[in-house]
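Okay, thanks for making time, everyone. Let me put the structure up, and then I'll walk you through it.

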Amino acid sequence: MTNNGTAAPSACARYGKGCILALLKRDQGATVKGNEVATTMSIDALHDAVRKAADIVSGSRYLIAFTGAGISADSGMPTFRGEGGLWGSYDERHLELGFFTREPATAWETIRRIFYAFTMDAKPNDAHLCLARWERDGLLRLIVTQNIDGLHGRAGSKAVAEFHGSCDDLVCTRCGGRTPATPELVALRPPRCACGGVYKPGFTFFGEGIPPVAYATSFEAAREADACVVIGSTGSVYPAASIPRLVKSRGGLVVEINPEPSEFTDTISDVFIPLGAADAMRRIDAALAVRRRA
Ligand SMILES: [Zn+2]
């Protein structure tokens, strides 16, 4: 529970003393200090959004989650693009397959700094952990993630389609063998397989296709799903962004969690919760727990 430190906790007019949202009440807006998200949504509207999200999650027959960079922001993962994004100081060509093949040692210098410096020590946050628990509780069938940080797996989720691959594995460019990306291996210049081939990170490079199994699994689940929770994705990267749209087009419901409105907000979202991922997921999870006890 995040308290902004300025609003005195008080009983909620609608849901009583135990209401978690009451702690956030301050005039007509809510401010969340932990991840520095301020929303102008009224406290009543936020109540409604969280309640509707919990309705959709608990009432679904086949729920999937669709996650993007925003879910890992609370784990301290930097963004790659935009202001202050990591790409600003590196050459994107180093993630093109052609360059990697010609100059693997140079490409690996960039890859190590951009990806492995952050992902090796990153820990899953409450949003990742909630999703892992929902899977164990039989509420969630699949997570389709655009992230390559491996945090869903570290949180304990088993059913994860990594749409853009993952940092956690290395793939040999000669024999195709896979191996875990250990710190020792990643420190080599460049990392090599026992067969002598150079290892490439297990995520998708520019110009590479989506991993076929992840692609097929994601679209199959999206066709089955009657609900999708979108967390921390702006909906601008395709074909990944088609996943929630497919759920919606087949009559499913979409819950969106994003600090700012996205491409999904006015087009397919049935419920929009303008908060950070961990905060919003804690609230939905608390609403579900209240129902289970009732
Ligand atoms: Zn090999």
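Predicted model: local features only at pLDDT ≥ 70, side-chain atom pairs only at ≥ 80, totals over all residues.

Residues are numbered from 1 along each chain as its sequence is written, and side-chain values use heavy atoms, with hydrogens and water left out.

On confidence: pLDDT is the predictor's confidence in each residue, from 0 to 100. The protein averages 84, and 83% of the residues score at least 70. Residues 1–38 stay under 50.

Now the zinc ion. What are its protein donors? They're Cys172, Cys175, Cys193 and Cys195, each through SG, at 2.3 to 2.4 Å. Donors here are N, O and S atoms within 2.8 Å of the metal (3.2 Å for Na, K and Ca); water is not among the atoms, so sites may look incomplete. Along the chain the spacing reads C-x2-C-x17-C-x1-C. Cys172 sits in strand 6 (165–172), while Cys193 is in the loop between helix 7 (183–186) and strand 8 (199–203), so this pair ties together parts 21 residues apart in sequence. Helices (H or I, at least four residues) and strands (E, at least two) are DSSP runs, numbered from the N terminus. Both cysteines are buried: Cys172 has a relative accessible area of 4%, and Cys193 has 13%. Buried means under 20% relative accessible area, exposed over 50%, partly exposed in between, with a 1.4 Å probe and protein chains only.

Next, helix 5, residues 126–136. At its start, a side-chain oxygen of Asn125 comes within 2.8 Å of the backbone nitrogen of Ala127. After the helix comes Gly138, with a positive phi near 80°. Its buried residues include Leu131 and Trp134.

Those two turn up again in the largest nonpolar core, which has 30 residues; Leu131 and Trp134 are among the members touching the most others, along with Ile273. A nonpolar core is a set of buried Ala, Val, Leu, Ile, Met, Phe, Trp, Tyr and Cys residues joined through side-chain atoms within 4.5 Å. Helix 1 (43–59) gives the largest share, seven residues. Beyond four places in sequence, Ile273 is in contact (heavy atoms within 4.5 Å) with residues including Leu46, Val50, Ile257 and Ile284. Apart from this core lies another, of 22 residues, among them Phe66 and Val247.

How values were computed:
Polar contact = N/O pair within 3.5 Å; in protein donor to acceptor, adjacent residues only side chain to side chain.
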